[in-house]
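Try each task before reading its solution.

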Amino acid sequence: MKQDRMAPFLKNGKGMLLAYDQGLEHGPSKDFDDRNIDPGFIMEAAAKGGFNGVVFQKGVAERFYDGKVPLIVKVNGKTNLPGGEPISRQVCSVEHAVSLGAKGVGYTIYLGSAHEAEMLAEFGRIQEEAHRRGVAAIAWIYPRGASIQNDVSKEMVAYAARTGLELGADAVKIKYTGDSVSFSWAVKAAAGARVFMSGGPKTQTDEAFLEQVKGVMEAGATGLAVGRNVWQHKEPLRMAESLRRVIFEGRSVQEALAP
Amino acid sequence: MKQDRMAPFLKNGKGMLLAYDQGLEHGPSKDFDDRNIDPGFIMEAAAKGGFNGVVFQKGVAERFYDGKVPLIVKVNGKTNLPGGEPISRQVCSVEHAVSLGAKGVGYTIYLGSAHEAEMLAEFGRIQEEAHRRGVAAIAWIYPRGASIQNDVSKEMVAYAARTGLELGADAVKIKYTGDSVSFSWAVKAAAGARVFMSGGPKTQTDEAFLEQVKGVMEAGATGLAVGRNVWQHKEPLRMAESLRRVIFEGRSVQEALAP
Amino acid sequence: MKQDRMAPFLKNGKGMLLAYDQGLEHGPSKDFDDRNIDPGFIMEAAAKGGFNGVVFQKGVAERFYDGKVPLIVKVNGKTNLPGGEPISRQVCSVEHAVSLGAKGVGYTIYLGSAHEAEMLAEFGRIQEEAHRRGVAAIAWIYPRGASIQNDVSKEMVAYAARTGLELGADAVKIKYTGDSVSFSWAVKAAAGARVFMSGGPKTQTDEAFLEQVKGVMEAGATGLAVGRNVWQHKEPLRMAESLRRVIFEGRSVQEALAP
Amino acid sequence: MKQDRMAPFLKNGKGMLLAYDQGLEHGPSKDFDDRNIDPGFIMEAAAKGGFNGVVFQKGVAERFYDGKVPLIVKVNGKTNLPGGEPISRQVCSVEHAVSLGAKGVGYTIYLGSAHEAEMLAEFGRIQEEAHRRGVAAIAWIYPRGASIQNDVSKEMVAYAARTGLELGADAVKIKYTGDSVSFSWAVKAAAGARVFMSGGPKTQTDEAFLEQVKGVMEAGATGLAVGRNVWQHKEPLRMAESLRRVIFEGRSVQEALAP
Amino acid sequence: MKQDRMAPFLKNGKGMLLAYDQGLEHGPSKDFDDRNIDPGFIMEAAAKGGFNGVVFQKGVAERFYDGKVPLIVKVNGKTNLPGGEPISRQVCSVEHAVSLGAKGVGYTIYLGSAHEAEMLAEFGRIQEEAHRRGVAAIAWIYPRGASIQNDVSKEMVAYAARTGLELGADAVKIKYTGDSVSFSWAVKAAAGARVFMSGGPKTQTDEAFLEQVKGVMEAGATGLAVGRNVWQHKEPLRMAESLRRVIFEGRSVQEALAP
């Protein structure tokens with residue numbers, strides 16, 4: 001069997017990752033408050049919350065990563081300021097990410113963008129270098145740009161998942177389609193590449209988010225890369241506990257919410 | 001005589017390749033069902049169906065290639081999502097493809113695209129590296145973009161074939177013109193570069209597809225790279241058997257369809 | 001604790017830098033007079049004025065840097081002549097900057113520009129090379145281009161600061177928001193990356209400028225990179241003295257202005 | 001005196017080259033028939049016709065070059081399909097061309113194209129590498145693109161010739177101006193770089209073509225790179241014989257046409 | 001004191017260079033006649049005319065440079081044919097220029113062009129390589145493109161000069177502002193980088209040109225890079241003699257014109 005480079009991020013084949021690159025992707029004022037603007041708060045939440053991995057840009061990893069949770073370094077990034085077709089290019093070498101302790105590197109591909117070719121090519125190189133260095137290559141794949149009508153349709157999400165497989169990603173981070181049945185098509189399309197749901201913006205209720213996660217797990221996914229729904233939560237560790245119950249113990253949403 | 005790098009993919013000078021990069025090129029929802037979305041199903045069909053080669057992107061090869069059939073790794077690729085002039089760039093190094101066991105690498109050139117120059121140049125480099133490493137360089141050549149009126153005219157298909165010859169491709173994968181006589185002009189234009197018909201979308205009847213293949217072989221081509229007409233078929237192995245009869249035994253379409 | 005590559009530019013954790021790349025960025029006729037067009041005048045003012053660092057392009061450093069004040073070499077630059085979306089590319093290698101005695105390299109990123117991706121990627125490479133060579137990587141980050149409405153809003157300045165943190169800058173040079181409370185949000189966003197206010201055009205009164213600097217220091221910033229407000233000043237050393245009182249001694253603006 | 005890298009292609013300082021890259025540049029259906037679509041036919045005509053050199057793309061050289069005539073490998077190329085400003089990029093390395101036996105490499109520059117800068121730069125690199133490897137760098141220089149009104153005016157053809165000289169080409173291949181006097185200005189502009197007329201499309205009569213060649217030689221040029229006027233001719237060897245009489249023996253057109 | 005890489009081109013701190021890259025930049029028909037189209041004529045004029053340097057593209061240097069006058073090789077270049085924003089890219093490596101005997105390399109930057117960033121970056125690399133190899137890096141700096149209203153205003157010419165200083169040019173070649181006082185501002189802006197006036201088109205009278213040169217020298221410049229006003233002159237050596245009197249002996253224009 002193929003070596004599982006995702007093993008550092010899994011427990012019994014499931015995984016719960018804490019994502020924290022929103023400071024670059026969305027800006028601090030959109031997503032952060034006085035508490036979660038501090039990467040130290042996030043690092044601590046990742047450890048105490050039982051996360052299997054934490055996702056940082058290199059600058060945050062350099063200053064705040066403490067080794068208590070396996071590290072994924074995002075190696076490309078952009079702000080949300082420029083208009084036009086999205087393009088996110090490599091800002092961190094794989095060598096540097098590994099030197100920071102990363103067991104995986106993350107790269108975002110905007111599928112359907114007029115710049116898609118450049119990102120596919122760049123990920124192609126990064127995937128090979130990551131594997132030469134023995135770490136996982138994880139693809140964040142989001143259909144985006146003028147050519148995309150609906151980025152969470154069953155077809156589009158499966159296309160994202162499949163692209164990750166075809167390019168040799170160890171895992172893909174994709175959006176939820178909205179229901180477990182359609183999401184299972186994406187899991188099938190990934191054909192063994194690990195599927196993580198991208199958490200997205202904070203939902204109005206905890207229940208709403210946990211229902212998504214439940215659907216994701218029922219669809220056969222590996223887990224979740226969550227950010228705002230944890231660190232914007234009043235009680236991040238309580239939300240983390242609920243998520244663990246759904247992801248690792250297969251509990252119902254109601255059981256997960258129980259005190 | 002020139003070393004034939006295509007030899008691994010030939011039997012008595014003919015070849016039948018199973019192509020399976022549609023997950024990236026078209027998306028899983030357009031071409032796949034619950035059965036053929038699984039690369040393992042394809043790998044098995046390739047072996048049992050007596051194919052002389054199988055075409056995968058690197059990610060699929062990494063997870064599913066089992067060595068039972070010679071491997072061609074597609075080293076560029078794109079989705080069908082972006083609008084504008086087509087461009088497909090290298091996503092897999094030749095070195096990596098060879099490390100996966102490939103005896104050939106495939107590269108798509110969109111002739112006539114506003115980005116043609118970039119693809120010609122990239123294929124030029126890949127061809128030389130493939131030959132240095134002792135594997136075949138196979139060009140998928142499709143006229144496409146605003147400048148192309150009819151991509152299956154006799155003239156256009158011959159232009160595609162000739163481009164492969166001029167750039168040193170060991171083989172070209174081109175579309176069928178619709179009749180054997182006009183396709184033979186493309187075979188002449190290839191002037192020794194092996195010509196494989198690109199199978200295209202599933203035809204309404206088996207007979208229709210086999211007629212195409214018969215015409216291709218009568219035109220002097222080497223064979224066929226087929227995907228959907230096999231793995232979308234209810235009985236892929238039966239279709240494979242029919243194809244073998246036409247390609248290797250020179251049977252008529254009626255003989256090929258006989259039980 | 002993380003090694004502080006900014007240490008050469010700090011005294012008790014505060015720093016006052018003299019910036020002098022306006023000859024390239026704005027042209028000599030816009031900012032210079034017969035006195036300050038001479039880089040030798042600036043080098044002398046930096047030393048006598050007690051500055052903790054001086055910022056030159058490589059050409060000025062090659063001819064005028066005398067080692068009396070720590071050196072930052074700007075490694076990209078542009079004129080203000082071309083229209084269109086701003087782009088500033090690397091014009092000096094990190095290796096060369098270090099050979100000139102630089103303890104830090106500066107790089108400008110125009111956040112929100114249509115060319116943002118190219119500058120983020122280039123800074124990403126420069127940051128790693130700077131750190132390999134043991135010098136600081138300092139990001140000048142200015143939101144600019146058609147997508148930017150207000151480049152000194154609290155949100156935009158904090159976004160600039162955060163981008164520096166995420167990309168691993170040792171320090172960021174950003175514009176002032178206009179008040180200390182909103183600027184403190186940028187300092188928080190930087191999360192440990194040193195924050196220097198960009199001095200900007202000469203203010204009408206010394207008091208006005210010192211009030212800005214006071215606000216910056218109250219917000220928790222590290223200091224100031226000042227150019228025109230010092231070397232366009234009738235008495236640069238007197239202004240430098242006033243700045244030192246605010247930055248290092250925490251004096252009030254009135255105390256700083258006292259003879 | 002400067003080493004003459006063109007010596008392999010000259011006899012008594014004159015040269016007659018057989019060009020055969022039209023399969024890529026124009027497509028096989030525009031220029032070829034059942035006979036001349038076969039590169040073997042061309043290779044044989046080159047040898048029997050007493051040509052001093054033959055021009056192939058690498059793919060044709062790999063399969064058909066037999067060493068009987070000195071080889072020039074065209075190292076860039078394009079199809080005539082894309083619209084827009086012309087660009088032709090390197091598709092064959094100089095190293096590879098030399099490994100095929102080439103004593104010269106050819107590169108096309110579209111002077112005046114919006115992409116001119118890229119081709120000038122690429123030829124600049126190729127020229128140096130060719131010379132390092134001891135082979136000639138030959139520039140095909142054609143003014144083309146929206147900025148060009150008349151590509152065969154005295155001024156434009158001389159500009160093409162001069163560009164070759166300035167960039168260090170050993171020889172230039174340029175179009176005929178239409179008369180010997182004006183063409184001699186181009187020869188002067190080349191200032192020692194060897195001038196070859198580009199043969200162009202087949203003329204209506206042999207006489208018409210030979211008159212051109214006569215004018216070219218009278219202008220002091222080195223010779224001719226001819227394609228269609230030879231291999232589209234009913235009797236290629238007879239045309240070759242006529243050309244030799246004009247080029248090497250200085251005969252009149254009537255003498256050249258005599259049986 | 002800083003090593004003066006311009007020393008080979010100076011006599012008592014002044015210099016007179018003969019420029020001859022107009023064959024590429026303007027085309028032979030615009031500037032040349034039967035005499036000066038011959039680079040041998042120029043090489044001889046440079047030696048006999050007492051010039052301190054001669055400026056050639058590599059191709060001309062390869063064929064005609066005889067070592068009698070120090071050599072500057074222009075390492076970028078373009079034709080005047082393409083419309084749009086000007087871009088001139090590297091066509092000769094510094095290594096190659098040095099192998100031809102060059103003691104300096106020249107590079108043109110079109111300040112204000114939409115492609116300015118590419119030229120600044122390329123010059124930045126060339127400057128460092130030239131200095132590593134011990135030769136001067138000389139910047140031809142011309143404001144040009146849609147953003148430029150007046151390329152010879154005091155402000156624009158000083159901006160050009162300053163850009164050369166900032167990027168580490170040993171010398172700049174800039175246009176004359178029209179009077180000595182305003183040109184002296186450019187000399188100040190250059191702050192030690194040697195300033196050479198770009199000779200420009202042939203003036204109607206010798207007196208007119210010598211007045212310009214007189215103004216340039218009074219402004220404190222190092223000298224002149226002249227082309228057309230010498231080699232389009234009926235008596236190039238006589239004009240050279242006049243120029244020497246102004247540049248090296250400080251004579252008046254009338255004295256310079258005396259027989």
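**Exercise 1: a strand in chain E**

Leu18(E) stands opposite Val54(E) in S2(E). The model is predicted: local features need pLDDT of at least 70, side-chain atom pairs need pLDDT 80 or more, and totals for chains, interfaces and linings use all residues. Residues count from 1 along each chain as written, chains are lettered from A and ligands numbered from 1 in written order, and side-chain values use heavy atoms, without hydrogens and water.

Task: find which strands pair with S1(E).

Solution. Take S2 (residues 53-57) of chain E: 3 bridges join this strand to S1(E), in parallel. Strands are DSSP E runs of at least two residues, helices H or I runs of at least four, numbered from the N terminus. Pairing requires at least two DSSP bridges. Next, S10 (residues 223-226) of chain E pairs with S1(E), also parallel, over 4 bridges. There, Gly223(E) is the bridge partner of Gly15(E).

**Exercise 2: a histidine in chain E**

Task: decide whether His131(E) is buried or exposed.

Solution. Locate His131(E) in helix H6 (residues 116-132) of chain E. Its relative accessibility is 13%, so His131(E) is buried (buried is under 20% relative accessible area, exposed over 50%, partly exposed in between; 1.4 Å probe, protein chains only). Its side chain makes a polar contact of 2.6 Å with that of Asp170(E) (N or O atoms within 3.5 Å, one able to donate a hydrogen and the other to accept it; residues adjacent in sequence count only through two side-chain atoms).

**Exercise 3: an arginine in chain D**

Task: name the side chain in polar contact with that of Arg89(D).

Solution. Start at strand S5 (residues 89-90) of chain D, which holds Arg89(D). The partner is Glu118(D), at 3.5 Å.
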